[in-house]
Amino acid sequence: MNLEDFKFFQPLDIRWNDMDAIGHVNNIYYFEYFQIGRGHYMVTSSPNWDWTKNMFVIAHIECDYFKEIKLMAKNPRVAMRVAKIGSKSFDFEYLIISDGKDGEPIIHAKGMSTQVLIDLSIGKSIEIPEWLKNDFHTYEVALEK
C-alpha cells in the first residue's frame, strides 16, 4: 500500500476528546476516522450512489498502527481507495496521515475494511451492480478489472 496509490483524501478534525491519558489519539478513533472517510468517499466516487436505496455493512475491519497522532498534528487526513471488488462485497484501504515538520507525509496507521452491499428495500445482500463497479473504476483508474 503506497501513498501514491491514493486519489481521495478527507481532512480530519482531531478533537480533544479523541485523546487518551497518554496524550495521543486513542486507537478506537481511527475506526471513526475511517467511517468519516467512507461517507465522503462514496459521494465523491459514485455520482449514482443513493444512500436511501443501497447501503453496505462492514463484514471485516482492521487497523495497523505505526506512529501516534496528537491533537496538534499538521494537516491530518484519511486517504482511501477501493482496492478490490467482489461479487457482493468490496474492500477499502485506508491511511491516516499528517504532515511532518519538513512537509513530508507521516503515515500513522493503515487499515482495510470489507463492505457487503445491502438492498435496503429487502434487507439482504445483493450483487454489486454494474453502475457501482463502473463508478469505482472510473474514479479509481488504477483499480484492476
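Q: Contact means that heavy atoms lie within 4.5 Å of each other. Against which elements do the buried residues of α2 pack?
A: In this predicted model, the buried residues of α2 pack against β1, α1, β3, β4 and β5. The residues concerned are L132, D135, F136, H137 and Y139. Each of them is called buried because its relative accessible area is under 20%.

Q: How many aromatic pairs does the structure hold?
A: There are 17 aromatic pairs in the structure.

Q: Why is the pair formed by Y41 and F92 given its name?
A: The ring centres of Y41 and F92 are 5.3 Å apart, with the planes at 75°. Pairing requires centres within 6.5 Å, and planes over 60 degrees apart count as edge-to-face. The pair of Y41 and F92 is therefore edge-to-face.

Q: What does the pair of Y41 and F92 tie together?
A: Y41 belongs to helix α1 (residues 28–45), while F92 belongs to strand β4 (residues 89–99), so the pair links parts that are 51 residues apart in sequence. Y41 and F92 are both buried.

Q: What makes Y41 and Y139 a pair, and of which kind?
A: Their ring centres lie 5.5 Å apart and their planes stand at 90°, so this pair is edge-to-face. The distance meets the limit of 6.5 Å, and the angle is over 60 degrees. Because Y41 is in α1 and Y139 is in helix α2 (residues 130–139), the pair ties together parts that are 98 residues apart in sequence. Y41 and Y139 are both buried.

Q: Which residues does Y41 touch, leaving aside those up to four places away in sequence?
A: Y41 touches F8, S46, M80, R81, V82, F92, F136, Y139 and E140.

Q: How do you know that K7 lies over the face of Y139?
A: K7 is at 4.2 Å from the ring centre of Y139 and lies over its face. The limit for such a placement is 6 Å from the ring centre, together with an angle within 35 degrees of the ring normal. The charged end of R81 likewise sits over the ring of F6, at 5.5 Å from its centre.

Q: How do you know that the length of α1 agrees with its number of residues?
A: Helix α1 has 18 residues, which at 1.5 Å a residue should span 26 Å; the end C-alpha atoms are 26 Å apart, so expectation and model agree.

Q: Which residues of α1 are buried, and against what do they pack?
A: The buried residues of α1 are Y29, Y30, Y33, F34, G37, R38, Y41, M42 and S45. They pack against β1 (8–11), β2 (54–65), β3 (74–85), β4, β5 (105–119) and α2. In general, an α-helix has 3.6 residues a turn, so residues three or four places apart point the same way.

Q: What makes up the largest nonpolar core, and which element gives the most to it?
A: The largest nonpolar core has 30 residues, and those with the most contacts inside it are V25, Y41, M42, F92, I96 and F136. At least two residues of this core come from each of α1, β2, β3, β4, β5 and α2. Helix α1 gives the most, with six residues.

Q: Over how many bridges do β2 and β5 pair?
A: β2 and β5 pair over eleven bridges in the antiparallel sense. The bridge partner of I61 in β5 is S113.

Q: What joins β5 to strand β6?
A: Two bridges join β5 to β6 (residues 124–125), and the strands run antiparallel. This number meets the requirement of at least two bridges. I118 stands opposite S125 in β6. β5 and β6 form a hairpin with four residues between them, and G123 in the turn has a positive phi of about 70°.

Key. Residues are numbered from 1 along each chain as its sequence is written. This is a predicted model: local features need pLDDT of at least 70, side-chain atom pairs count only at pLDDT 80 or more; totals for chains, interfaces and linings use all residues. Side-chain values use heavy atoms; hydrogens and water are left out. Rings of Phe, Tyr and Trp (its six-membered ring) pair if their centres lie within 6.5 Å; planes under 30 degrees apart count as stacked, over 60 as edge-to-face and the rest as tilted. Buried means under 20% relative accessible area, exposed over 50%, partly exposed in between (1.4 Å probe, protein chains only). The expected span of a helix is 1.5 Å times one less than its number of residues. A nonpolar core is a set of buried Ala, Val, Leu, Ile, Met, Phe, Trp, Tyr and Cys residues joined through side-chain atoms within 4.5 Å.
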